[in-house]
Amino acid sequence: MPVTASAQASVITAGTSADLVKQAEASVMYVVTRPGRVMVRGKGSYLWDAEGRQYLDFIQGWAVNCLGHCPPVLVKALGQQAKQLVNASPALYNDRMVQLAKLLTDRSALDKVFFANSGAEANEGAIKLARKWGAVKKGGAHEIITAWNGFHGRTLATMSASGKQHWDELFEPKVPGFTRVPFNDLEAVRKAITPGKTVAVMLEPVQGEAGVFVAEKGYLQGVRKLCDEHGLLLILDEIQTGIGRCGTLFAYEQYGIEPDIMTLGKGLGGGFPVSALLAKDHACVFEQGDQGGTFCAQPLAMAAGYAVVSEVIAKKVPQKALSRGKYLMRRLKELKAEFGFTDVRGKGLLVAVDLPKEKAADVVAQCFEAGLLLNAPRPATLRFMPALNISNAQVDEMIGILAPVLRKVLA
Ligand SMILES: *Cc1c(COP(=O)(O)O)cnc(C)c1O
């Protein structure tokens, strides 16, 4: 981990990593075990901690910083907006909200947008919209079919919609009305449809948190057809797959289908918290007071989203993600024989490898020490979600850190 003293010189930090971690243990509520280093600065594909150690970032805020850390367009947009209007009111339109709504509806198959602050909140809105639609147009149908191993967020309703194995026992009782089926199994969806009860099918085009499982083309097309035949809404959770991550602005574009409802988050603000619930006109049934939120469509978030999505489109970032993703997969496949990877899979720059042993957490920990941030979504799976504008040289740099760690851990 090279220390770049010159780059650190202008950074003001609240203390050393050791001091801050000690303070954190006393005052930050425990929800997850974090490394004992505190991050203070980011630029492009790199992060620096309080001691000036550099990390090559293949997590990027959990597939959030699509343009890398502190991209100039985002920094500029936030600075300008902060001087002009930080917050108006959720009960008033603001100019940035209108701009971003127009951009997203122009560029997608959806007609209207509701803005929120997190992915879970957008999905919660999608669930509410589907239930309202069922109440108004389907005689009270309210059940939503979702997939095992799917992930839709951490509110009670979105946890209930998710199919994470160990979540079943947590925070009971859950929100009822979700039927889980195996992913990529069209027959299971067909069998789960209950006339008069089922209102929607909710899926991720690629199950990211589950370990990067890509929906087959025939599967999503088949689900779309089933939804049409039975008069159901197709809800696509594109919170992780959207904004170029999979090689097109939205992943659904690669399937030759259109959802009735789509949610966005993560990459939408390039690091700034913002999410969106989009729907076709026929599904927009919210009435006065049905949905809202204090910070929804907040001008800083809208300016961030507009700057990021405009840049992603103007610089053809999705196409870059596609070619970089291919390069990343090729480099990983070159290591397949040496390390016995049992699978290398992905779409665009959402990529995973399966290790022959349940050692992914050890690999992640040792990579961290060696200056590389990686994620282990499962005990034997590593996930790669770098900035979409990463270079081939940075992919090579990642492989240069990962390979020796694998040699040690898998020996
Ligand atoms: C991250 C994620 C969410 C939840 O988003 P938050 O912003 O953490 O609430 C929902 N769905 C998918 C597919 C995600 O990847």
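Asn149 counts as partly exposed because its relative accessibility is 27%; the class lies between buried, under 20% relative accessible area, and exposed, over 50%, with a 1.4 Å probe and protein chains only. Asn149 sits in the loop between strand 5 and helix 7. Its phi is near 70°, a positive value in a residue other than glycine.

This is a predicted model, in which local features need pLDDT of at least 70 and side-chain atom pairs count only at pLDDT 80 or more, while totals for chains, interfaces and linings use all residues. Residues are numbered from 1 along each chain as its sequence is written, and side-chain values use heavy atoms, with hydrogens and water left out.

Helices (H or I, at least four residues) and strands (E, at least two) are DSSP runs, numbered from the N terminus. His152 also lies in the loop between strand 5 (143–147) and helix 7 (156–161). His152 counts as buried because its relative accessibility is 3%. Its side chain makes a polar contact of 2.8 Å with that of Asp237. Such a contact is a pair of N or O atoms within 3.5 Å; within protein, one must be able to donate a hydrogen and the other to accept it, and residues adjacent in sequence count only if both atoms are side-chain atoms.

Both His152 and Asp237 are among the residues around the ligand, a shell defined by a heavy atom within 4 Å. Helix 6 (residues 119–137) gives the most to this shell, with three residues.

| Residue | Protein atom | Ligand atom | Distance |
|---|---|---|---|
| Ala120 | backbone N or O | oxygen | 2.7 Å |
| Asp237 | side-chain N or O | nitrogen | 2.7 Å |
| Lys266 | polar side-chain atom | oxygen | 2.6 Å |

Taken alone, the ligand exposes 390 Å², and the protein buries 81% of that. Accessible areas come from the Shrake-Rupley method with a 1.4 Å probe; for residues, only the protein chains shown count as cover.

Ala297, between strand 12 (275–279) and helix 10 (299–314), has a positive phi near 65°. Ala297 is buried, with a relative accessible area of 8%. The peptide bond from Glu172 to Pro173 is cis, with omega near -5°. Pro173 is in the loop between helix 7 and strand 6 (178–181).

Strand 1 (residues 39–43) and strand 2 (residues 46–49) pair in the antiparallel sense over four bridges; pairing requires at least two DSSP bridges. Two residues separate the strands in this hairpin, where Gly44 takes a positive phi near 60°.
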